[in-house]
Amino acid sequence: LCRRELQSQPPSLAWESPPPKPRRSKEGSLCPAVRRQTRPSPSMSEPSAQTADKESRNPAAQLLLGLRWGRLEEPLGFIKVLEWLFAIFAFGACGSFSAETGATVKCNADPKEMTAITVQFGYPFRLYKVPFDMPVCDPDSTDKRTLHLMGDFSAPAEFFVTLGVFSFLYTMAALAVYLRFHSLYKENKRLPFADFCVTISFTFFWLVAFSAWGKGLSDVKGATRPSSLIAAMSVCQLKTAVCNAGATPSMGLANISVLFGFINFILWAGNCWFVFKETPWHAQTTNKESSAEQGAVDKQ
């Protein structure tokens, strides 16, 4: 029926009146052909346009899409990631260190009381500011005398932590340049040269930092031993009291920080060669060697 109706309708001219409304079939619905003509076609470009608008409005997505993660597989990028991680480990282990030492004092005079002395210390290791109370062991007085630990080892510790923080910040900035602006790093000759100079500087500073902090840590261990604490109390040198060693400080985290400093020195020293290969100096040396080899071949 629908086909007959469509075939029976004469072609309408431009000046004629608009065509009549389509008839309904017996079932009361429009003809399929008419429905296909009158139904609005969905726009296929709307979802893609909306997705493009969302991506253009999100700068974080554009930044992540622009990063070339394949650069991390190269030595120049992979070593920077290791430097970034071990810098966090180094200044985190040293800056968060804390321990305690102690001793026990038992007075000989009545009442024979035993006093436990506990002293807590940590970063930045200004031990001369760490107080503790010493019993007087006088039967006529119950007062206690305030003493302090001996030594100030804040200079090597703070230098170590500061270098770790600066290494963390520089490696993060260098990774951003390697991954996002690698073409600029290749084209601009000043960037590889500056990176090479900074890498050599950090290598020297890490050598000084972990060596100084290792020496400072050994001095901290000597100043915080229970025997050193007993030697500093005058009541233990007399016969009025009996002093015994208490808790020995656990220095494991501090030892690990020195190890992380040594690893940072090795990483920065090894990275000097890979950064040097990006400088114009290495390119000139390679060109001279290749020209010399070519000249030797031509002579033969």
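## The loop between β2 and β3

F125 lies in the loop between β2 and β3. The model described here is a predicted one. The phi angle of F125 is near 65°, a positive value in a residue that is not glycine. Is F125 buried or exposed? Its relative accessibility is 0%, so F125 counts as buried, given that buried means under 20% relative accessible area.

P124 is also placed in the loop between β2, which covers residues 114-122, and β3. The peptide bond that joins Y123 and P124 is cis, with omega at about 10°.

T101 is a residue of strand β1. With a relative accessible area of 1%, T101 is buried. What does the side chain of T101 reach? It reaches the backbone oxygen of T224, at 2.9 Å.

F132 belongs to strand β3. At 4% relative accessibility, F132 counts as buried. Between F132 and L147 there are 15 residues of separation in sequence, and their C-alpha atoms are 5.5 Å apart in space.

A disulfide is a covalent bond between the sulfur atoms of two cysteines. How many disulfides does a search of the whole structure find? The search finds two.

C236 is joined to C243 by a disulfide, and the distance from S to S is 1.9 Å. The torsion about the S-S bond is -85°, and the link of C236 and C243 is left-handed. Are these cysteines buried or exposed? C236 has 15% relative accessibility and so counts as buried. C243, at 18% relative accessibility, counts as buried too. Both values can be set against the cut-off, since buried means under 20% relative accessible area.

The cysteines C94 and C272 can be judged in the same way. C94 counts as buried because its relative accessibility is 1%. C272 counts as buried at 14% relative accessibility.

## Helices α5 and α6

Two packed helices are described by the angle between their axes and the distance between the axes. Helix α5 covers residues 75-95 and helix α6 covers residues 154-180. Their axes come within 8 Å of each other and cross at roughly 155°. Angles over 145 degrees count as roughly antiparallel, and α5 and α6 are therefore roughly antiparallel to each other.

The crossing in which α5 passes α6 is left-handed. Which classes of residue make up the contact of α5 with α6? By class, there are 18 nonpolar, five polar and two charged residues.

## Helices α8 and α10

Helix α8 spans residues 190-223, and helix α10 spans residues 252-276. At what angle do the axes of α8 and α10 cross? They cross at roughly 160° and come within 8 Å. It follows that α8 and α10 are roughly antiparallel to each other.

α8 passes α10 in a left-handed crossing. The contact of α8 with α10 has 18 nonpolar residues, eight polar residues and two charged residues.

## A232 in helix α9

A232 is found in helix α9, which runs over residues 226-232. The relative accessible area of A232 is 31%, so A232 is partly exposed. Partly exposed is the class between buried, under 20%, and exposed, over 50%.

How values were computed: Residues numbered from 1 in each chain as written. Predicted model: local features only at pLDDT ≥ 70, side-chain atom pairs only at ≥ 80, totals over all residues. Heavy atoms only, no water. Axes fitted to C-alpha atoms, helices over the stretch in contact; angles between N-to-C directions. Helix = DSSP H or I, 4+ residues; strand = E, 2+ residues; numbered from the N terminus. Parallel < 35°, antiparallel > 145°, perpendicular 65-115°, else oblique. Left-handed = near helix turned anticlockwise from the far one by under 90°. Nonpolar A, V, L, I, M, F, W, Y, C, P; charged D, E, K, R; others polar. Disulfide = S-S within 2.5 Å. Buried < 20%, exposed > 50% of the residue type's maximum accessible area, 1.4 Å probe, protein only. Polar contact = N/O pair within 3.5 Å; in protein donor to acceptor, adjacent residues only side chain to side chain.
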